[in-house]
Amino acid sequence: MKISLRMNLSDFINKENERDVINKLEDVHYDGIKYYLTLWYKDGTVTPEDIKRFLLDYESHLHFKTKIKVGAKQHPNDFIWYDIVSRENVNPKQRVRFQYVYNNNNQILTALNEFHKAAKFCTSEKPPRVQKRNDYESSNSRK
């Protein structure tokens, strides 16, 4: 299963919770969950200098595959497994499996905790299923 996470970069870059967000993303990675990370922002909300500083500071903390792109628009073949999005950026036409909608930027860490729980559940080993019926059992043994 391909797990992908999408977040709005401008909601946490240069904010007091920036380091906490990166630490939580790193915790998810160290818990054995491999995921693709897409960070997007609206044109003009983040300066090139901010992106450069962000990449220099956190390049070694962003594991597996991380994409930073301008705009929230998805391509036809893009599918997001877990989307963390603010209420004003919700797009019901986007193809997502799970979506966490938050009202303020303080809820981003809660959203990341929910992503971690969902990803852990979906990637963990499942107990074997017990067969409920046995067609080979003879009808005499039931009497």
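Visitor: How far apart are the closest N and O atoms of the salt bridge that Arg6 forms with Asp83?
Guide: Arg6 forms a salt bridge with Asp83 in this predicted model. The cut-off for such a bridge is 4 Å. The closest N and O atoms of Arg6 and Asp83 meet that rule, at 3.0 Å.

Visitor: How many residues apart in sequence are the parts that Arg6 and Asp83 tie together?
Guide: Arg6 belongs to strand β1, residues 4-8. Asp83 belongs to strand β4, residues 80-86. So the pair ties together parts of the chain whose separation in sequence is 77 residues.

Visitor: Is Asp83 buried or exposed?
Guide: Buried means under 20% relative accessible area. Asp83 has a relative accessible area of 0%, so Asp83 is buried.

Visitor: Which residue forms a salt bridge with Glu18?
Guide: Look for closest N and O atoms 3.0 Å apart. Glu18 sits in helix α1, residues 18-30, and the partner sits in helix α2, residues 48-58. The two are 35 residues apart. The partner of Glu18 is Arg53.

Visitor: Is Arg53 buried, partly exposed or exposed?
Guide: Glu18 counts as buried, at 6% relative accessibility. Arg53 has a relative accessible area of 26%. Buried would need a value under 20%, and exposed one over 50%. So Arg53 is partly exposed.

Visitor: How many residues apart in sequence are the parts that Lys120 and Asp31 tie together?
Guide: Lys120 forms a salt bridge with Asp31, with the closest N and O atoms 3.2 Å apart. Lys120 lies in helix α3, residues 108-123, and Asp31 in the loop between α1 and β2. So this pair ties together parts separated in sequence by 89 residues.

Visitor: What is the relative accessible area of Asp31?
Guide: Lys120 counts as partly exposed, at 36% relative accessibility. Asp31 is partly exposed too. Its relative accessible area is 31%.

Visitor: Which residues do salt bridges that share partners join into one network?
Guide: The salt bridge count comes to 5. One of the bridges joins Glu18 with Arg53. Through shared partners, one network holds Glu18, Arg53 and Asp57.

Visitor: Which side chain does a polar contact of 2.9 Å join to that of Ser86?
Guide: Ser86 is placed in strand β4. Ser86 is buried, with a relative accessible area of 3%. The polar contact joins the side chain of Ser86 to that of Asn89.

Visitor: Which residues does Ser86 touch, not counting residues up to four places away in sequence?
Guide: Contact means heavy atoms within 4.5 Å. Leaving out residues up to four places away in sequence, Ser86 touches Asp11, Val101 and Tyr102.

Visitor: What is the angle between the planes of Trp81 and Phe115?
Guide: The count of aromatic pairs comes to 8. Trp81 and Phe115 form one that is edge-to-face, 6.2 Å centre to centre. Edge-to-face calls for planes over 60 degrees apart. Here the angle between the planes is 75°.

Visitor: Which strand does Trp81 lie in?
Guide: Both Trp81 and Phe115 are buried. Phe115 lies in helix α3, and the pair ties together parts 34 residues apart in sequence. Trp81 lies in strand β4.

Visitor: Is the aromatic pair of Tyr82 and Phe98 stacked, edge-to-face or tilted?
Guide: The planes of Tyr82 and Phe98 are 40° apart, with 6.2 Å centre to centre. Stacked needs under 30 degrees, and edge-to-face over 60. So the pair is tilted.

Visitor: Is Phe98 buried, partly exposed or exposed?
Guide: Tyr82 lies in strand β4 and Phe98 in strand β5, residues 96-102. Tyr82 is buried, at 6% relative accessible area. Phe98 has 28%, so Phe98 is partly exposed.

Note on methods
Residues are numbered from 1 along each chain as its sequence is written. This is a predicted model: local features need pLDDT of at least 70, side-chain atom pairs count only at pLDDT 80 or more; totals for chains, interfaces and linings use all residues. Side-chain values use heavy atoms; hydrogens and water are left out. A salt bridge is a side-chain nitrogen of Lys or Arg within 4 Å of a carboxyl oxygen of Asp or Glu. Helices (H or I, at least four residues) and strands (E, at least two) are DSSP runs, numbered from the N terminus. Buried means under 20% relative accessible area, exposed over 50%, partly exposed in between (1.4 Å probe, protein chains only). A polar contact is a pair of N or O atoms within 3.5 Å; within protein, one must be able to donate a hydrogen and the other to accept it, and residues adjacent in sequence count only if both atoms are side-chain atoms. Rings of Phe, Tyr and Trp (its six-membered ring) pair if their centres lie within 6.5 Å; planes under 30 degrees apart count as stacked, over 60 as edge-to-face and the rest as tilted.
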